[in-house]
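Try each one yourself, then read through the solution.

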Amino acid sequence: MLGLTESNSSGELQYLKWINAIGKFAVDGNDNILLDLKGLIIDPASLKTGYGYITRGAAPEWVWAPTPGAKIAEPEPKGPEYQDRFKPGFYLDVFIPGTGWRPWSSNTKGCNIAVESIWPSIHNGIAANDGKCAKVAFKGHKDIDPMKVPVLELIGWVSRPSEEEPKAVQPAAAAVPVTKSEPKPKPISPPAEAQAEATDDQWF
């Protein structure tokens, strides 16, 4: 009932990651690079901010603020070196067309700059788009040595996509045969939201 023992079918971790070396996003691992990514759907209600400690070979450790953007004390470092420190970071649920929902969390400076830059426009639109998700175009990256910073641009708002991967739009249902004395029903069209949930091109 609680789903605590369930896992995804592949048994692999699912996440979105920014690869600074090449200035591209990847999904579920460094090998699955999203070469043709045009944009993301961001659920603004999922935002968390705080401090994260991320190191190779271990699960990330996060200390979240009680509300997004609230100031909290930096946690004690794991050791004496710079890489042992907790660093500012964030968490977001994002929908990737053709893939589905993935968590995006990072404490890298480049990703922090990207989210910090776009968030005022998202924040200002939340009240007028209650319950909706931000439609964000991916415009490549800008170089801020030694970083490649993702460039994101808010281009609209959409209803929250389903938890499953988007399916191709099905053709309208055929009319049901009727007798001559009954009016002929109109063909049933797919819901407007379903018409928008097929491919990356249809989203962006």
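**Exercise 1.** Work out how the lining of the second largest pocket divides by class, and where it comes from.

*Solution.* Start with the classes: 11 residues of this lining are nonpolar, 5 polar and 2 charged. Here Ala, Val, Leu, Ile, Met, Phe, Trp, Tyr, Cys and Pro count as nonpolar, Asp, Glu, Lys and Arg as charged, and the others, Gly among them, as polar. Next, the elements: β3, β5 and α1 each give at least two lining residues, and α1 has the largest share, with 5.

Before going on, note that this is a predicted model, where local features need pLDDT of at least 70, side-chain atom pairs count only at pLDDT 80 or more, and totals for chains, interfaces and linings use all residues. Residues are numbered from 1 along each chain as its sequence is written, and side-chain values use heavy atoms, leaving out hydrogens and water.

**Exercise 2.** Find the residues of Phe25's surroundings, leaving aside neighbours within four places in sequence.

*Solution.* Look for contacts (heavy atoms within 4.5 Å). Phe25 touches, among others, Leu16, Trp18, Leu37, Trp104 and Phe138.

**Exercise 3.** How far can you trust the chain, going by pLDDT?

*Solution.* pLDDT is the predictor's confidence in each residue, from 0 to 100. Its mean over the chain is 84, with 76% of residues at 70 or more.

Note on methods
Helices (H or I, at least four residues) and strands (E, at least two) are DSSP runs, numbered from the N terminus.
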